Amino acid sequence: MNLDIQLQEGPQRNVVLLSGEVDVYTASKLKETLNPLAEQENKELVVDLSGINYIDSTGLGIFIGALKATEKSNSTLKLIGLNERVKKLFEITGLNEVIDIQANDAREEA
Amino acid sequence: MAISDFVEMKLPAKPEYVGVARLTASGVANRLGYSYDDIEDIKIAVAEACTNVVNHAYEKGQDDNFMHLDFGIHDDRLELIIADQGGKIDIDKLVRERGPIDSSQSIQDLQEGGLGLFLIETLMDKVEYKGDSGVMIIMTKFLQKDEVEQRDDGISEEVSKQ
């Protein structure tokens with residue numbers, strides 16, 4: 001029951017690699033990492049969820065917050081590597097219509 | 001149908017215990033023979049209800065904050081009750097504000113909350129709210145016996161889930 005966060009910072013693009021679980025316990029750690037990145041101007045923020053096996057509304061709320069912050073900073077947010085279960089939650093809640101999402105099968109090779 | 005078994009838990013209403021509640025629910029559902037997808041649905045519903053308790057039920061810094069979990073294990077269904085005694089949750093307000101994302105809104109107007117109860121109601125078969133000194137969420141997930149039998153027979157479980 002933990003969340004591991006790795007960050008690859010670049011001039012145009014920041015990539016955040018997540019593995020583990022995002023729930024009310026681990027969410028604050030994710031928020032503290034994502035928010036400052038989302039506030040950087042004119043950047044692409046990519047979050048790789050391929051190591052995530054559990055997420056609930058607390059985690060979804062953090063991505064909504066990050067989406068708002070990227071829009072304000074003229075940046076973009078993209079989520080990649082979602083497994084079937086995680087993708088299902090984005091679809092049920094309608095978040096897939098507002099956040100740029102690529103499921104696991106469509107994932108770009110790094 | 002009569003209850004065959006009953007599991008009761010009392011956990012501190014703290015973020016670090018929501019995972020404990022989730023894994024316990026997963027263990028009980030797994031024992032009953034629910035499919036992988038149904039177990040994942042149950043885990044999320046339990047975690048959402050517990051998260052509401054942790055975030056909203058009690059005054060900050062208040063001692064003796066607990067979440068109570070009861071699992072009623074029936075032949076054909078699992079009944080999960082999550083209750084608090086904080087009296088701080090305005091369940092009518094939460095119910096009013098629940099719902100999916102409205103993609104016609106501008107991004108800055110999107111709500112970051114309201115998804116928890118919406119997920120519970122979407123993923124479970126039946127949901128009731130009761131409350132007096134606190135809030136009680138009663139959620140039911142029926143056991144799809146056909147799917148389980150198909151799996152036992154070795155017939156593709158993927159077909160039954162499509």
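Which residue in S3(A) is the bridge partner of A:Val15? Select A:Val15 and look across to S3(A), where A:Val46 is the bridge partner. This tour returns to that pair after an overview.

**Before starting**

The model is predicted, so local features need pLDDT of at least 70 and side-chain atom pairs count only at pLDDT 80 or more, while totals for chains, interfaces and linings use all residues. Residues are numbered from 1 along each chain as its sequence is written, and chains are lettered from A and ligands numbered from 1 in the order in which they are written.

**Stop 1: chain A as a whole**

Select chain A and colour by secondary structure. Chain A contains 3 helices and 5 strands; helices (H or I, at least four residues) and strands (E, at least two) are DSSP runs, numbered from the N terminus. Followed along the sequence, the pattern is β-β-α-β-α-β-α-β.

The C-alpha trace of chain A spans about 30 × 30 × 25 Å along its principal axes. For 110 residues, a compact globule would have a radius of gyration near 13 Å, and the 13 Å of chain A agrees with this. That radius is taken over C-alpha atoms, and the globule rule is 2.2 Å times the number of residues to the power 0.38.

Buried residues make up 46% of the 110 residues in chain A. A residue counts as buried if 20 or more other C-beta atoms lie within 10 Å of its own, as exposed if 12 or fewer do, and as partly exposed in between, with C-beta atoms placed from the backbone. Of the contacts in chain A with a separation of 6 or more, 70% are between residues 24 or more positions apart; a contact requires C-beta atoms, placed from the backbone, within 7 Å.

**Stop 2: from S1 to S2**

Select residues 3–9 and 13–22 of chain A. These are strands S1 and S2, which run antiparallel and are joined by 7 bridges; two strands pair if DSSP finds at least two bridges between them. A hairpin of 3 residues connects S1(A) to S2(A). Within this pairing, A:Ile5 stands opposite A:Leu18 in S2(A).

**Stop 3**

The opening pair, A:Val15 and A:Val46, belongs here. Further along, A:Gly20 has A:Ile52 as its bridge partner in S3(A).

**Stop 4: from S3 to S4**

S4(A) pairs with S3(A) in the parallel sense over 5 bridges. One place to look is A:Glu44, which stands opposite A:Thr76 in S4(A). The passage from S3(A) to S4(A) goes through H2(A), and this β-α-β crossover is right-handed.

**Stop 5: A:Ser75**

Select A:Ser75, in the loop between H2 and strand S4 (76–82) of chain A. Is this residue, A:Ser75, buried or exposed? A:Ser75 is buried, because 20 other C-beta atoms lie within 10 Å. Leaving aside residues up to four places away in sequence, A:Ser75 touches several residues, including A:Ala38, A:Glu44, A:Leu45 and A:Thr70.

**Stop 6: the side facing chain B**

Display both chains. Here 21 residues of chain A are in contact with 24 residues of chain B. Helix H2 (57–72) and helix H3 (84–93) of chain A are the elements giving two or more residues to this side of chain A. H2(A) gives the most, with 9 residues. By class, this side of chain A has 9 nonpolar, 6 polar and 6 charged residues. Ala, Val, Leu, Ile, Met, Phe, Trp, Tyr, Cys and Pro count as nonpolar, Asp, Glu, Lys and Arg as charged, and the others, Gly among them, as polar.

**Stop 7: chain B**

Finally, select chain B, which has 6 helices and 5 strands. Buried residues make up 33% of its 162 residues.

Note on methods
Contact = placed C-beta atoms within 7 Å. Right-handed = clockwise from strand over helix to strand, strands pointing away.
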